[in-house]
Amino acid sequence: MTTRAYAKQKGSTWERECAEYLRPVFPQVERAPRWGANDKGDLVGTGAFTVEAKNTKAVTLSTFMDEAIVEAQNSGNHIPVVFIKRR
């Protein structure tokens, strides 16, 4: 498996884990489709929240939040949230 494919798989697995964690509160939550240039977050069905899920070695909080804020604006939601996998 290539490094890029492995990273994508790690991200997808983390998105599924986040969706399962949120399901008791948001029963309709699921992984979002690949949005392309106008990304609207990694999960849909989360009400006013736009969820960005990150599973990376290097954690840059400001970059992650900036990305979540842009995605919240793209989706029309009000509250950007970042879930970062703990190492």
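Colleague: With which side chain does the side chain of Thr50 make a polar contact?

Modeller: The model is a predicted one. Thr50 has its place in strand 3, and beyond its neighbours within four places in sequence its contacts include Ala72, Ser75 and Asn77. A polar contact of 3.0 Å links the side chain of Thr50 to the side chain of Ser75.

Colleague: Does Thr50 count as buried or exposed?

Modeller: The cut-off for buried is under 20% relative accessible area. Thr50 has a relative accessibility of 1%, so this residue counts as buried.

Colleague: Which residue in strand 4 is the bridge partner of Val51?

Modeller: Strand 3 pairs with strand 4, residues 79–84, in the parallel sense, and the pairing runs over 6 bridges. Within strand 4, the bridge partner of Val51 is Val81.

Colleague: How far apart in space are Glu71 and Thr50, C-alpha to C-alpha?

Modeller: Not counting residues up to four places away in sequence, Glu71 touches Asp39, Lys40, Gly41, Thr50 and Glu52. Glu71 and Thr50 are 21 residues apart in sequence, and their C-alpha separation is 7.0 Å.

Colleague: Is Glu71 buried or exposed?

Modeller: A residue is buried under 20% relative accessible area and exposed over 50%. Glu71 stands at 3% relative accessibility, so it counts as buried.

Colleague: The side chain of Asp42 reaches the backbone nitrogen of which residue?

Modeller: Asp42 is placed in the loop between strand 1, residues 30–31, and strand 2, and its 7% relative accessibility is why it counts as buried. Leaving out residues up to four places away in sequence, Asp42 touches Glu15, Glu30, Arg31, Ala32, Val51, Glu52 and Ala53. At 2.8 Å, the side chain of Asp42 reaches the backbone nitrogen of Ala53.

Colleague: What is the volume of the largest pocket, and which residues are the closest to its centre?

Modeller: The space in the largest pocket comes to about 190 Å³. The lining has 13 residues, and those closest to the centre are Ala7, Gly11, Glu15, Ala53 and Lys54.

Colleague: Which element supplies the largest share of the lining of the largest pocket?

Modeller: Helix 1, residues 3–22, and strand 3, residues 49–54, each supply at least two residues of the lining. By class, the lining has 2 nonpolar, 4 polar and 7 charged residues. The largest share, 5 residues, comes from helix 1.

Colleague: With which side chain does the side chain of Lys54 make a polar contact?

Modeller: Lys54 is among the residues closest to the centre of the largest pocket. Not counting residues up to four places away in sequence, Lys54 touches Trp14, Phe64, Glu67, Val82, Phe83, Ile84 and Lys85. Its side chain makes a polar contact, at 3.3 Å, with the side chain of Glu52.

Colleague: Glu20 is joined by a polar contact to the side chain of which residue?

Modeller: Glu20 lies in helix 1. Exposed means over 50% relative accessible area; at 52% relative accessibility, Glu20 therefore counts as exposed. The polar contact, of 2.3 Å, joins the side chain of Glu20 to that of Arg23.

Key:
Residues are numbered from 1 along each chain as its sequence is written. This is a predicted model: local features need pLDDT of at least 70, side-chain atom pairs count only at pLDDT 80 or more; totals for chains, interfaces and linings use all residues. Side-chain values use heavy atoms; hydrogens and water are left out. On a 1 Å grid over the protein atoms alone, a cavity is a set of points where a 1.4 Å probe fits but cannot get out, and a pocket is an open set with protein on both sides within 12 Å along at least five of seven lines; lining residues have an atom within 4 Å of a point. Grid points are joined across faces, edges and corners, and a volume is the space filled by probe spheres set on the points. Helices (H or I, at least four residues) and strands (E, at least two) are DSSP runs, numbered from the N terminus. Ala, Val, Leu, Ile, Met, Phe, Trp, Tyr, Cys and Pro count as nonpolar, Asp, Glu, Lys and Arg as charged, and the others, Gly among them, as polar. Buried means under 20% relative accessible area, exposed over 50%, partly exposed in between (1.4 Å probe, protein chains only). A polar contact is a pair of N or O atoms within 3.5 Å; within protein, one must be able to donate a hydrogen and the other to accept it, and residues adjacent in sequence count only if both atoms are side-chain atoms. Contact means heavy atoms within 4.5 Å. Two strands pair if DSSP finds at least two bridges between them.
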